[in-house]
Amino acid sequence: TELIRINVSGGRVVGINVIDKRTDEEQYIECDYLVNAAGSWADRVANLAGLSINITPNRGLLLAFNHRMCSRVINRLHAPSNADIMVPHGTVAILGTTSVNVSEPADNSVLYQESMEMLGIGEVLFPDIMNYRILRGFSGTRPLYTPSAESGRDVSRGFALINHEDEGIAGFTSIVGGKFTTFRLMGEKVGNFIAEKLSVVARCRTAEESLVSAVPNWLVVKGKKYFPNKGLQLALERQPAQFDKLVERLETNASNRSLLCECELVTRAEFEAELANPLNTSIDDIRRRTRLGMGTCQGTFCIYRIVSAICESRGGEMDSDEVLELFSNFMNGRWKGIRAVLWGSQMREAELNRAIYSTMFGADGLL
């Protein structure tokens, strides 16, 4: 849903209007308090109430390598700059990052020139970096809070809580700036602030409580019977809240133990559990929760299995246009991050991908 209206009465927010982007249905939601936690879109949300917040969307690019070139973070100890840190993560390593002010919050472009500049700088840390295989580039915008004239890397990555009552609209707070590494602290600050406004005396407990309960050891032992060796740990990390349901699916139906994605060891059980979740409306939604297609092959050897599983879940009732649309949407999402680093091994894989889907599935021209 998209927020389209903030309703103010008597100097106080009383509700909002949202529209469902799939059905075009509009809905009114009454509220006692409104929190604007929209990141790079925070200013646009505030605009709906006639207010303004100095938010500068700042795009940052990262390059994910198909190698774990280091076992610890390597960082150039100088003033923050482009491509000055390499972070190992699982079986890969990530080089980052850039800092470019952009006008659109949704500008997550992955540009060839920007990638090449990053690699050129990265050679200082890794002289042979151009010969390493890159999985893809990916980017997003930082919601930099810029109340002063600073810009780019001079802007603090800290966060700020803005009480819009000071601007004449009660029941409305914005939490802006910050980073993913501080999101729980941001939640605590704004939670305590609103609790006080609503006369709630309890304090926020996010610093003391786990977001997800630990999976009991007996269930982990049971899961070892069905998950591939490394796949057990990955499933525990991705799906702790419904790990018991995954084990049940694997135990009761042997076909659920097959792998749909060999790179990330995603079982059919995990995929079907997410497919049944009404919050997931696309393959990309499921990808974000399972990492389907995010490994070495970037979807080449799993997207046809995924589409086939979706078709089976619908009783085989899918026409060719629906199937091709599923292929196209997923493959083009992968292509977006690959095309800026398309040489060497990446180029060979892209040609293999094209050959498979053009010749075997008649999906020529999708990319």
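Tutor: The model is predicted, so local features need pLDDT of at least 70 and side-chain atom pairs count only at pLDDT 80 or more, while totals for chains, interfaces and linings use all residues. Residues are numbered from 1 along each chain as its sequence is written, and side-chain values use heavy atoms, with hydrogens and water left out.

Student: How is a pocket found, and which residues line the second largest pocket?

Tutor: Rolling a probe the size of a water molecule over the atoms shows where empty space is left. On a 1 Å grid over the protein atoms alone, a cavity is a set of points where a 1.4 Å probe fits but cannot get out, a pocket is an open set with protein on both sides within 12 Å along at least five of seven lines, and lining residues have an atom within 4 Å of a point. Grid points are joined across faces, edges and corners, and a volume is the space filled by probe spheres set on the points. Here the lining consists of S282, I283, D284, R314, E322, E325, L326, N329 and F330.

Student: Which elements give two or more residues to the lining of the second largest pocket?

Tutor: They are α8 and α10, and α10 gives the most, with 5 residues. Helices (H or I, at least four residues) and strands (E, at least two) are DSSP runs, numbered from the N terminus. By kind, the lining has 3 nonpolar, 2 polar and 4 charged residues. Ala, Val, Leu, Ile, Met, Phe, Trp, Tyr, Cys and Pro count as nonpolar, Asp, Glu, Lys and Arg as charged, and the others, Gly among them, as polar.

Student: How many cavities of 30 Å³ or more does the structure hold?

Tutor: There is 1. The largest cavity has about 120 Å³ of space. Its lining has 15 residues, and Q298, T300, R334, I338 and N353 lie nearest the centre. Two or more lining residues come from each of α10 (320–338) and α11 (344–360); the largest share, 5 residues, is from α10. This lining divides into 8 nonpolar, 5 polar and 2 charged residues.

Student: Is Q298 buried or exposed?

Tutor: Buried means under 20% relative accessible area, exposed over 50%, and partly exposed in between (1.4 Å probe, protein chains only). Q298 is buried, at 4%. Q298 sits in the loop between α8 (283–290) and α9 (303–313), and has a positive phi near 50° although Q298 is not a glycine.

Student: What is the phi of L265?

Tutor: L265, also not a glycine, has a positive phi of about 55°. L265 lies in the loop between β13 (259–261) and β14 (266–267) and is buried, with a relative accessible area of 17%.

Student: What is the order of the strands in the open sheet of 3 strands?

Tutor: Two strands pair if DSSP finds at least two bridges between them. The order is β4-β12-β11, with mixed pairing. β4 (34–36) and β11 (159–163) are the edge strands, each pairing on one side only. β4 and β12 (residues 172–177) are parallel over 3 bridges, and N36 has S174 in β12 as its bridge partner.
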